[in-house]
Amino acid sequence: MIFPEGVAFCSFTVVVTSNVPGSYLNDTTNFEDQNNIDTSQTNAELTVLDDNSNVDIEILKSVFPQEASIGDQVTFQITATNLGTTEATDITILDVFPNGMNFVSASTSIGLFDDVTFIWSIDVLSSNQSETLTVVAQISSSTALLNTALLSSLNEPDRDDTNNRDDAEVTIDDCIYITDGLSPNNDGLNDTFHIECIEEFPDNNLKIYNRYGVQIYGSNNYQNNWDGRANTGLTRTSNALPVGVYFYILDLKTGDEPRTGWLYLNY
Ligand SMILES: [Ca+2]
Ligand SMILES: [Ca+2]
């Protein structure tokens, strides 16, 4: 080992190749030239333990559905399996929760899940035992939706660390998010029926019906401007429509099925 001028220390990593348990000493006798060495700093002792464990934790993760819209709920399933031949103990698995979704609920087939730290703890996994963590989340953004689960700690050495983590990603089919109501009282809050990102679909067609099935509003290229007045149908009027539940059909003209749902009109 040759040091460049001015270097006062170095560090290095060793791989344990011996399968004989015991203490292994690395001291000054391993240095060819001891003249410039602080011999008080050159002792390191490595203890090789007798380890008969054969543990390999495999983490698999999936999500359903893989394609969703903002506001939808998706379900992640994380599976931990011990592919080894001996028992694994004190296992912790970290579910790295992305920013683009909100935690809703979780359940486990074994062990405990902490919904603050997002750590799943399992006391024991026998050989070939497989257990699952199910996490339900609500999509809140069209970005940052990659969810990773990884083996965080384990009492025994893991024989294969290439299978210790897995990802699942949700794809947003589009950015449309339809609010569930409006309150056209000019207070600046929800005064019109707002559809997030509707401007990206200029060919859109929106129809709104009252609870008797009578269409009271229609618009091509809707631009978030419906303020609770009818522009079509028998009830066509410049007056505000009554408080109540209305039904919408929004066709984005993308070839997909129109979206339908209820909205609440209030003042
Ligand atoms: Ca493993
Ligand atoms: Ca309002």
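1. Lys61 is buried in this predicted model, with a relative accessibility of 7%. Its partner in a salt bridge is Asp95, and the closest N and O atoms of the two side chains are 2.4 Å apart. Asp95 is likewise buried, at 2% relative accessibility. Lys61 belongs to strand β3 and Asp95 to strand β6 (residues 88-96), so the contact ties together parts of the chain that are 34 residues apart in sequence.

2. The structure holds three salt bridges, and two further pairs deserve mention here. Arg229 and Asp227 meet through their side chains at 3.3 Å, N to O. Arg229 counts as partly exposed, with 38% relative accessibility, and Asp227 is also partly exposed, at 29%. Asp251 is joined to Lys253, with 3.8 Å between the closest N and O atoms. In this pair Asp251 is buried, at 18% relative accessibility, whereas Lys253 is partly exposed, at 48%. The value for Asp251 falls under the 20% limit, so the residue is classed as buried.

3. The calcium ion (ligand 1) is coordinated at 2.3 to 2.8 Å. Along the chain the donor residues follow the spacing D-I-x100-D-x1-D-x2-N-N. Asp160 is partly exposed, with a relative accessible area of 28%, while Asn164 is buried, at 12%.

4. The calcium ion (ligand 2) has its protein donors at 2.2 to 2.5 Å. Ser183 contributes both O and OG, Asn185 gives OD1, Asp187 and Asp191 each give an OD atom, and Leu189 gives O. The spacing of these donors in sequence is S-x1-N-x1-D-x1-L-x1-D. Asn185 is partly exposed, with a relative accessible area of 35%, and Asp187 is partly exposed as well, at 44%.

5. Why is the arrangement around the calcium ion (ligand 2) irregular? The six donor atoms subtend angles of 67 to 166°. For six donors to count as octahedral, opposite donors must be over 155 degrees apart and all others between 65 and 115. For comparison, ideal angles for six octahedral donors are 90 or 180 degrees. The angles at this ion make the arrangement irregular.

6. The aromatic pairs come to twelve in count. One of them joins Phe193 and Tyr248, a tilted pair with 5.8 Å from centre to centre and 45° between the planes. Phe193 lies in the loop between β15 (181-182) and β16 (195-196) and Tyr248 in strand β19 (residues 244-251), so this pair ties together parts that are 55 residues apart in sequence. Both Phe193 and Tyr248 are buried.

7. Trp226 and Tyr246 form another aromatic pair, with ring centres 6.4 Å apart and planes at 70°, so the pair is edge-to-face. Ring pairs join Trp226 and Tyr246 with Phe193, Tyr217, Tyr222 and Tyr248 in a cluster.

8. Several points concern the backbone. The peptide bond from Phe64 to Pro65 is cis, with omega near -10°, and Pro65 is placed in the loop between β3 (57-64) and β4 (67-68). Asn190, although not a glycine, has a positive phi of about 55°; Asn190 is located in the loop between β15 and β16. Asn221 also has a positive phi without being a glycine, at about 50°. Asn221 sits in the loop between β18 and β19 and is partly exposed, with a relative accessible area of 33%.

9. Which residues form a nonpolar patch on the surface? They are Phe12, Val14, Val16, Val20, Tyr24 and Leu46, which together have about 530 Å² of accessible area. Val16 lies in the segment before β1 (22-26) and is partly exposed, with a relative accessible area of 45%.

Note on methods:
Residues are numbered from 1 along each chain as its sequence is written. Chains are lettered from A and ligands numbered from 1 in the order in which they are written. This is a predicted model: local features need pLDDT of at least 70, side-chain atom pairs count only at pLDDT 80 or more; totals for chains, interfaces and linings use all residues. Side-chain values use heavy atoms; hydrogens and water are left out. Patches are made of residues with over 30% relative accessible area and no salt bridge: like charges are joined within 9 Å, nonpolar side chains (Val, Leu, Ile, Met, Phe, Trp, Tyr) within 5 Å. Accessible areas come from the Shrake-Rupley method with a 1.4 Å probe; for residues, only the protein chains shown count as cover. A salt bridge is a side-chain nitrogen of Lys or Arg within 4 Å of a carboxyl oxygen of Asp or Glu. Helices (H or I, at least four residues) and strands (E, at least two) are DSSP runs, numbered from the N terminus. Buried means under 20% relative accessible area, exposed over 50%, partly exposed in between (1.4 Å probe, protein chains only). Donors are N, O and S atoms within 2.8 Å of the metal (3.2 Å for Na, K and Ca); water is not among the atoms, so sites may look incomplete. Four donors count as tetrahedral if all angles lie between 85 and 135 degrees; four count as square planar and six as octahedral if opposite donors are over 155 degrees apart and all others between 65 and 115; anything else is irregular. Rings of Phe, Tyr and Trp (its six-membered ring) pair if their centres lie within 6.5 Å; planes under 30 degrees apart count as stacked, over 60 as edge-to-face and the rest as tilted.
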